[in-house]
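Student: Could you show me how to read the features of a structure, one by one? I would like the general idea each time, and then the case at hand.

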Amino acid sequence: GGSLTKLAYYSTVQHKVARVRSFDHSGKDIENEPLYEISVQEEITARLHFIKFENTYIETCLDFIKDHLVNTETKVIKATGGGAYKFKDLIEKKLGLKVDKEDVMTCLIKGCNFVLRNIPHEVFAYQKDSDTEFRFQTNHPNIFPYLLVNIGSGVSIVKVETEDKFEWIGGSSIGGGTFWGLGALLTKTKKFDELLQLASKGQHTNVDMLVKDVYGGAYQTLGLSGNLIASSFGKSTTADKEFSKEDMAKSLLHMISNDIGQLACLYAKLHNLDKIYFGGFFIRGHPVTMRTITYSINFFSKGEVQALFLRHEGYLGAIGAFLKGAEQDNPNQYSWGENYAGSSGLMSTSPDVYPMQRTRSGTFDMLEMDRLERPLVNLPLLKDPSTYIPDTVDLTDDAMARKYWLTCFEEALDGVAKRAAASQPDSVDALERAEKFRQKYWNKLQTLRQQPFAYGTLTVRSLLDTREHCLNEFNFPDPYSKVKQKENGIALKCFQSVIESLDSLGWEERQFALVKGLLAGNVFDWGAKAVSDVLESEPQFGFEEAKSKLQERPWLEDSYSQWLERLKEGPPHKCALIFADNSGIDIILGVFPFVRELLSRGTEVILACNSGPALNDVTYSESLIVTERIAAMDPVIQSALREEKLLLVQTGSSSPCLDLSRLDKGLAVLVRERKTDLVIIEGMGRAIHTNYYAALKCESLKLAVIKNSWLADRLGGKIFSVIFKYEVPCK
């Protein structure tokens, strides 16, 4: 580009993963043996890196490429943008590679489609006077069609209809270059950023003629407000005085932004489009240009169209050029996830709050994306995927909640670092790595205090996910693996007696005992401080003790009577999808007896567990071993497995929360095939922090025990209050 070089590259990353494997117990006394073997193995995964360099450091950038170019088969480097011509000879000479120039617009569109598809909080609207300037949008599952308005030296307006179908439908020679050029002539300021700085301090009404200057007030007949600009620079024709540089820069900025805004609106109306994304160096995260464009679009569309901006707008061309070069192993066939540990967030708009951290190398911004093993899609049972928002509370908006949760995560950090180090007693550098993890996550939390919008909408889920990413970066793939192994072993020994006691009850009594068991199991959550303190200090704390902790009915949210009525009066459900939460007592003594009852009613069950570890949540591979053990003790589970009426699947997630718009494709296929008509979501992370308000096409049960006193208070209850939410969709 004109002032920045954006580099996109692919690497393989070696990191540790925890694996579980069933022991071969043939002919052995297994009474005192652990349930399964845990091993830590090296795994290689793919990662995409995006880095910005200032053009003045182009040599440093090329040295960086040279140092990282390990694949000697690379003969060609893809490049796009004005710099692809300007620096072509330097790049070829320094790297010994041929520069293959790609079309700028094709690259921009490819890059735009990629970020829209893979980064859930990529798009934001700008709000001038709100506590947080950025209002992030939930990605619509269908990203097309949209209008891309690229404001560089001039303006290009492109209509994008599909992955490969787009057309240039218009533009203007009055763009960023015009603002820069005229601004330089008017103010003698040659630098673009300095010009914007002047504009941000200016008062355009000193230079512009307003409607009230012409008519003495509002123009009622046409419904025009008195403060509307009637003529840009209009006062300069009559006023006999010098105008300040600041005022002229501001007037010029309004003139050009309003012109572009009106043009964009007219094209959007002409082509019946309601999504307009703005990009180009004129925008580049500058609040002053985003504000004027937003105002202009809002005014000319009468509020019907929103100006939208992209978090990684500066990278679009580089991403597109990379995708063009990687078509053999097409990155678009995979799902990708932003790695919060390695990405720097959206920079704050007030430099005094968080000055740009420039290093001598000129790199100041990074984005890392990890390739996910399996493609992710929407849960087919979401009522309206385009309006689904996983998170219950937006901490970007709620300052009180934000302050509480950031402090909560800070206070828990020492304990998490200690637990991580203790999980690898044989490693010589575990303490050192745990300290590096602690430092990294602490720094992330401080960034989020200053810039809550750094990674999109700030939520409890994003705080938990960032912590997991940081743990993984320092090779702590599963700090709770030993805890889970032990708790699974203990719970399995109690399974038969729990089943016998349930089977001895009458039908109605048994239904309540099953629900109570599910809720009691859900107490065993090492992620909740109130619980981990008890589990650390009272090792004998078990299933019955957990039941006694539960709130008595009526519960905080209580539709148990409606659920019971449904079981009594209605036919058995065809198929239930259950999202499981914790290992040990939760899944074995809470979830499995419930599963067994559903199976006995003639309902098929899909049991979905996390693909990768997070806290003490049960993983898919652990659930396979646990289920095999339960089947050996229980004929109902055994025959259901044999007849494929009980199916175990992975969610595609490694988070303590649940995003129903990013689930494993195999799970979605199964949900459709089995005609699933009941979804059960259990646990605080999956049913309260996320999905509390999620609307589904079928019946659903959301149940959890609130193990955090602040949250309980927020919801109008006390710690260990119960949420039992049975919902039936409106016909």
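This is a predicted model: local features need pLDDT of at least 70, side-chain atom pairs count only at pLDDT 80 or more; totals for chains, interfaces and linings use all residues.

Student: Let's begin with helix packing. At what angle do α1 and α3 pack, and how far apart are their axes?

Tutor: For a helix pair, look at the angle, the distance between axes, the handedness and the residues in the contact. Helix α1 covers residues 58-68 and helix α3 covers residues 88-95; they pack at an angle of about 40°, with 10 Å between their axes. Their crossing is right-handed. On the α1 side the contact is made by Ile58, Glu59, Leu62, Asp63, Ile65 and Lys66, and on the α3 side by Leu90, Ile91, Lys94 and Leu95.

Student: How many residues of that contact are nonpolar, polar or charged?

Tutor: Six are nonpolar, four are charged and none is polar.

Student: Where does Lys75 sit, and is it buried or exposed?

Tutor: For a single residue, read its place, its accessibility and its contacts together. Lys75 is in the loop between α1 and β3. Its relative accessible area is 58%, over the 50% cut-off, so Lys75 is exposed. Leaving aside neighbours within four places in sequence, Lys75 is in contact with Leu97 and Lys98. The C-alpha atoms of Lys75 and Leu95 are 9.6 Å apart, with the two residues 20 places apart in sequence.

Student: Now Val211: is it buried or exposed?

Tutor: Val211 is buried because its relative accessible area is 4%, and the cut-off is under 20%. This residue is in helix α7, residues 211-215. Leaving aside neighbours within four places in sequence, its contacts include Tyr219, Leu224, Leu228 and Ala230. The C-alpha atoms of Val211 and Asn227 are separated by 6.2 Å, although the residues are 16 apart along the chain.

Student: And which strand holds Asp664?

Tutor: Asp664 lies in strand β21, residues 663-664. At 2% relative accessibility, Asp664 counts as buried. Not counting residues up to four places away in sequence, Asp664 touches Arg374, Pro375, Leu376 and Val377, and also Gln650, Thr651 and Gly652.

Student: How many residues of α13 are buried, and what do they pack against?

Tutor: Eleven of the 14 are buried, so α13 is mostly covered. Among the buried residues are Arg461, Asp465, Arg467 and Glu468, as well as Val460, Leu463 and Leu464. The buried residues pack against α11 (399-422), α12 (430-450) and α23 (684-689).

Student: How many residues of α10 are buried?

Tutor: Eight of the ten residues of helix α10 (316-325) are buried. They are Leu316, Gly317, Ala318, Ile319, Gly320, Ala321, Phe322 and Leu323. These buried residues pack against strands β1 (4-22), β2 (36-54), β3 (76-79) and β13 (306-310), and against helix α4 (104-118).

Student: What should I look for in the backbone angles?

Tutor: Most residues other than glycine have a negative phi, and most peptide bonds are trans. Asn272, in the loop between α8 and β12, has a positive phi of about 55°. Asn272 is exposed, at 72% relative accessibility. Glu644 also has a positive phi of about 55°; it is in the loop between α21 and β20. Glu644 is partly exposed, at 47%. Asn475, which follows α13, has a positive phi near 60°.

Student: Which peptide bonds are cis?

Tutor: Among them is the bond from Phe144 to Pro145, with omega near -10°; Pro145 is in the loop between β6 and β7. A cis bond also joins Arg553 and Pro554, with omega about 0°, and Pro554 lies in the loop between α17 and β17.

Note on methods:
Residues are numbered from 1 along each chain as its sequence is written. Side-chain values use heavy atoms; hydrogens and water are left out. Axes are lines fitted to C-alpha atoms, for helices over the stretch in contact, and angles run from 0 to 180 degrees between N-to-C directions. Helices (H or I, at least four residues) and strands (E, at least two) are DSSP runs, numbered from the N terminus. A crossing is left-handed if the near helix is turned anticlockwise from the far one by less than a right angle, and right-handed if clockwise. Contact means heavy atoms within 4.5 Å. Ala, Val, Leu, Ile, Met, Phe, Trp, Tyr, Cys and Pro count as nonpolar, Asp, Glu, Lys and Arg as charged, and the others, Gly among them, as polar. Buried means under 20% relative accessible area, exposed over 50%, partly exposed in between (1.4 Å probe, protein chains only).
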